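Here are my notes for a first look at this model. Please keep the structure open while you read the points below.

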Amino acid sequence: MCRPCALEIEPCDGLIPDHIHSRVDSTDAEAWVVDGFGGAHPIGAVAGIGRNHDRELIVLASSVSREHAEIRYTGTSWIVRDLGSRNGTFVNGVRSDGPVELPARARIKVGDVALWFVPEVAQELPQQPTVTTDGSKARLVRYQLERGDVELCAVMSNDDAAVGTLLWRRVGTETWSERGLSLLESQLLRVLCRRAHEEAGSPSSIRGCVSTKQLLRELSFQSKYANQENVRQVVLRLRGLLAEAGAPGILAIEVGRGYYLSCQLNGVIID
């Protein structure tokens, strides 16, 4: 994204890249929105936008309502519709009072968060990078977890600056489902898996706790003013992914001690 385009959708105060997240896989993209950090987020033919974690495009900003707006393809054109939000939805600087047609490269603003709308791309825009190694500096670590009848595998690099992947399947089945993790989600899951592995031999029923203070040190928040609310938002996002994988409640909290994984750690494989 060129500098003039970036300046037109400059991130609002307090917003960090991980506050904007699409639940739509890039292979299912019908269109894209691009945030002020240059991140491209796929959307389907119908995309709800808001702070709720069941929205297709989740925007974690205080100026954005839980169910803020909806982008929809009508078969002939794209429209955006405000859903009665507190701070409104704007298209190219004009507040939307009903369904508004979205031209290519329209500037959408939900609350204080601005986005470019890209209905067609000649080449798929990049999402989060995948885990890679160069054969010398990084190695893959696979944390094998189990909760009830669900097997999970967190595939991570030992490079804390790399993203990872979450795999899951029902016990007794062969096919794995897969979901890429953002950098902060990867770092959170990596820290929790490491601590669970370190304390696997502990007789305590609650083991592997990691405090919020430690997570603030371990996670790569881009704001120097990151606080426990920033940690909580990453926790909520990872909980949503784990629930999608059929393992709700696996990321637990012990008051006064921190967050931990309430599941069985079956093994750690280093490639």
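1. Start with C12. Its relative accessibility is 18%, so C12 counts as buried, since the cut-off for buried is under 20%. Bear in mind throughout that this is a predicted model.

2. Next, C209. Its relative accessibility is 8%, so C209 is buried too. Which cysteine has the sulfur closest to that of C209? It is C263, and the two sulfurs are 13 Å apart, too far for a bond. A disulfide needs the sulfur atoms within 2.5 Å. By this rule, the model has zero disulfides.

3. Now the open sheet. It has six strands, in the order β1-β5-β4-β6-β7-β10. The pairing is mixed. At the edges are β1 (20–22) and β10 (100–101), each of which pairs on one side only.

4. Look inside that sheet at β4 and β6. Strand β4 covers residues 46–50, and strand β6 covers residues 69–73. They are antiparallel and share four bridges. Here A47 sits opposite I71 of β6.

5. Strand β11 deserves a separate look. It spans residues 107–110, and its side chains alternate. Which of them are buried? I108 and V110 are, and they point to one face.

6. β11 pairs with β8 (residues 89–91). The two strands are antiparallel, with three bridges. Across this pairing, F90 stands opposite K109 of β11.

7. β11 also pairs with β12 (residues 113–118). These strands run antiparallel as well, joined by four bridges. Together β11 and β12 make a hairpin, with two residues between the strands. In the turn, G111 has a positive phi of about 60 degrees.

8. Finally, a helix pair. How do α2 (residues 183–198) and α4 (residues 228–244) cross? Their axes come within 10 Å and cross at roughly 85 degrees. Angles of 65 to 115 degrees count as roughly perpendicular, so α2 and α4 are roughly perpendicular to each other.

9. Check the residues behind that contact. From α2 come L184, E185, L188 and L189. From α4 come V234, V235, R237, L238 and L241. By class, the contact of α2 with α4 has seven nonpolar residues, two charged ones and no polar ones.

Key:
Residues numbered from 1 in each chain as written. Predicted model: local features only at pLDDT ≥ 70, side-chain atom pairs only at ≥ 80, totals over all residues. Heavy atoms only, no water. Axes fitted to C-alpha atoms, helices over the stretch in contact; angles between N-to-C directions. Parallel < 35°, antiparallel > 145°, perpendicular 65-115°, else oblique. Contact = heavy atoms within 4.5 Å. Nonpolar A, V, L, I, M, F, W, Y, C, P; charged D, E, K, R; others polar. Buried < 20%, exposed > 50% of the residue type's maximum accessible area, 1.4 Å probe, protein only. Pairing = 2+ DSSP bridges.
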